[in-house]
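Reader: I'd like to learn how to read helix packing and a few other local features from a model. Could you walk me through them?

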Amino acid sequence: MGNWFSSDEPEAPNPSLVEIEARQAAEAAAAQARKDAADARAQIAELIKSNQESQQKSMEAQQAALQAAAASQDQAHREMMAMVQAERAANEARLAAEAAARTSSDEAKQRAAEAEEARKRTAAVQEQAQRDAQAAQEQARKLQEAANEEKKKATAAQEAANASKKVAEEEVRVANAAKEEAERKLKEGIQPVVTPTPEEVSAAKRKVQYREDLFHFAVAGVAGGGKSSLINAFRGLRNKDAGSAATGVTETTLAMARYASPNAEYPYAWYDIPGAGTLKIPDWQYFNAQGLYVFDCIIVLFDNRFTMTDIAILTNCKRFKIPTYIVRSKADQHIRNIMKDMGYDSDDDESEDQKKKLYQAARQQFIQQTRQSVKDNLDNANMPDQRVYIVSNEPMLGVVKEKRPKKVIDEIELLNDLIGEAQTRRARRDTEKATTKEK
């Protein structure tokens with residue numbers, strides 16, 4: 001314990017001196033701080049004062065600039081006003097000069113216009129005098145032409161009178177000759193040719209319901225020739241189909257029957273004409289009595305022989321310029337009859353080749369006989385040769401339905417020629433209508 005209080009340890013300073021020194025140091029620091037703060041405040045005051053002076057100077061400079069700008073603007077305004085006044089004075093001087101020049105020019109123009117007007121009046125008087133002279137010359141020329149024309153008309157009238165006299169004399173001569181010829185023919189038994197009157201033609205057209213937009217086919221011939229069956233085939237119908245023409249062993253057509261084409265593509269009308277011999281009408285009156293002269297085309301149909309009725313129809317068609325087609329029907333029946341005459345028997349067991357050969361021989365014989373018969377009949381009637389179409393109803397029906405029947409003879413050619421004739425006459429009719437409209 002004695003070691004803890006050894007005299008070898010340093011002696012502790014006196015607290016009072018330390019505190020005094022510390023206090024002194026603090027006071028010195030505080031004084032320095034106060035001095036520094038005072039210096040700072042002085043600097044701040046100086047800065048504030050300097051800033052205020054700068055602001056004052058800036059405001060003064062701004063005011064001076066504004067004043068200078070106002071002065072400059074005022075000066076520019078005064079200069080602009082001076083320029084406007086100068087320009088206005090210049091415009092007024094120019095307008096005054098132009099007005100003075102215009103006044104002088106207007107006077108000159110007025111004098112020139114008056115002179116031009118006087119010249120025009122003089123020219124107009126001269127032109128009118130010239131026109132009057134030309135009009136007088138033209139009037140004199142027209143009067144001369146009128147006189148010449150009247151002279152020509154008088155001459156033409158005299159010539160026409162002379163020509164009419166000659167025509168009348170010729171007509172009297174022809175009429176007398178015709179009268180003598182008719183009397184001679186009546187004495188010799190030759191029947192006269194009767195021309196229908198316009199009233200009879202109109203009545204016949206009403207009877208057949210004639211229409212300009214249709215082509216009218218008449219199928220005529222002796223009774224029992226197969227007219228109704230052929231019309232059915234042309235229309236694409238069988239004899240038992242609805243709307244078909246009545247058919248039978250005896251003549252079933254006692255009055256003219258009209259049948260429209262079922263196909264609207266073909267504007268045709270078919271007419272079944274009563275067969276000669278069924279009516280109490282002589283052969284030479286058959287054509288006119290049935291009104292055949294109004295049809296566009298006539299098919300003269302015969303079966304076994306070419307008759308005087310057929311000749312009468314062909315003769316009258318030629319006189320009326322109506323196209324005709326001579327057709328022999330029921331070719332298949334006639335060929336079978338010839339085959340039987342050649343020894344064919346359907347009950348025999350003949351080969352197919354033998355049957356075909358026999359058919360071809362009978363077919364060729366029938367065609368040759370038919371064509372020669374028609375040619376001889378036309379020759380005997382002093383008529384030109386004309387093709388005869390040999391057909392059968394069944395193949396014709398197949399051709400109309402656009403099938404390919406095997407045993408055809410002239411069915412295709414007949415149908416094509418009929419359609420071609422219709423198209424040709426229709427085109428000719430349309431051309432005539434167009435020409436009439438243009439006139």
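Author: Gladly. This is a predicted model, and we can begin with the handedness of a helix pair: H3 crosses H8 in a right-handed sense.

Reader: What else describes a pair of packed helices?

Author: In general, two packed helices are described by the angle between their axes and by the distance between those axes. Here, the axes of helix H3 (residues 227-234) and helix H8 (residues 393-400) cross at roughly 20° and come within 8 Å. That angle makes H3 roughly parallel to H8, since angles under 35 degrees are put in that class.

Reader: Which residues of H3 and H8 meet?

Author: From H3 there are Ser229, Leu230, Ala233 and Phe234, and they meet Asn393, Met396, Leu397 and Val400 of H8. Sorted by class, the H3 contact with H8 holds six nonpolar residues, two polar ones and no charged ones.

Reader: At what angle do H8 and H9 cross?

Author: The axes of H8 and helix H9 (residues 411-438) cross at roughly 55° and come within 9 Å. H8 and H9 are therefore oblique to each other. The crossing of H8 with H9 is right-handed. On the H8 side, the contact uses Pro395, Met396, Val399 and Val400, while H9 brings Glu411, Ile412, Leu414 and Leu415. By class, this contact of H8 with H9 has seven nonpolar residues, no polar ones and one charged one.

Reader: Let's turn to cysteines. How many disulfides are there?

Author: The general idea is that a disulfide is a covalent bond between the sulfur atoms of two cysteines. In a model, the test is a distance: the pair of sulfur atoms has to be within 2.5 Å. By that rule, the count here is zero disulfides. Cys297 is in no disulfide, and the nearest cysteine sulfur to its own, that of Cys317, is 8.4 Å away. Likewise, Cys317 is in no disulfide, with the sulfur of Cys297 as its nearest at 8.4 Å.

Reader: Are Cys297 and Cys317 buried or exposed?

Author: Cys297 counts as buried because its relative accessibility is 0%. Cys317 also counts as buried, at 0% relative accessibility.

Reader: What surrounds Asn316, and where is it placed?

Author: Asn316 is in helix H5 (residues 308-319). With a relative accessible area of 9%, Asn316 is buried. Leaving aside neighbours within four places in sequence, Asn316 is in contact with Phe287 and Asn288.

Reader: Now for backbone angles. Which residue has a positive phi although it is not a glycine?

Author: One of them is Gln209, where phi is about 60°. Gln209 sits in the loop between helix H2 (198-207) and strand S1 (215-221). Its relative accessible area of 49% makes Gln209 partly exposed. Lys321, not a glycine either, has a positive phi of about 60°. Lys321 belongs to the loop between H5 and strand S5 (324-328). Lys321 is exposed, at 72% relative accessible area.

Reader: How far apart are the C-alpha atoms of Lys207 and Gly291?

Author: They are separated by 8.8 Å, although Lys207 and Gly291 are 84 residues apart along the chain. Lys207 lies in helix H2 and is exposed, with a relative accessible area of 54%.

Reader: To finish, what does the chain as a whole come to?

Author: Its secondary structure comes to nine helices and six strands. Of the 439 residues in the chain, 26% are buried. Among the contacts in the chain with a separation of 6 or more, 68% are between residues 24 or more positions apart.

Technical notes:
Residues numbered from 1 in each chain as written. Predicted model: local features only at pLDDT ≥ 70, side-chain atom pairs only at ≥ 80, totals over all residues. Heavy atoms only, no water. Buried < 20%, exposed > 50% of the residue type's maximum accessible area, 1.4 Å probe, protein only. Axes fitted to C-alpha atoms, helices over the stretch in contact; angles between N-to-C directions. Helix = DSSP H or I, 4+ residues; strand = E, 2+ residues; numbered from the N terminus. Parallel < 35°, antiparallel > 145°, perpendicular 65-115°, else oblique. Left-handed = near helix turned anticlockwise from the far one by under 90°. Contact = heavy atoms within 4.5 Å. Nonpolar A, V, L, I, M, F, W, Y, C, P; charged D, E, K, R; others polar.
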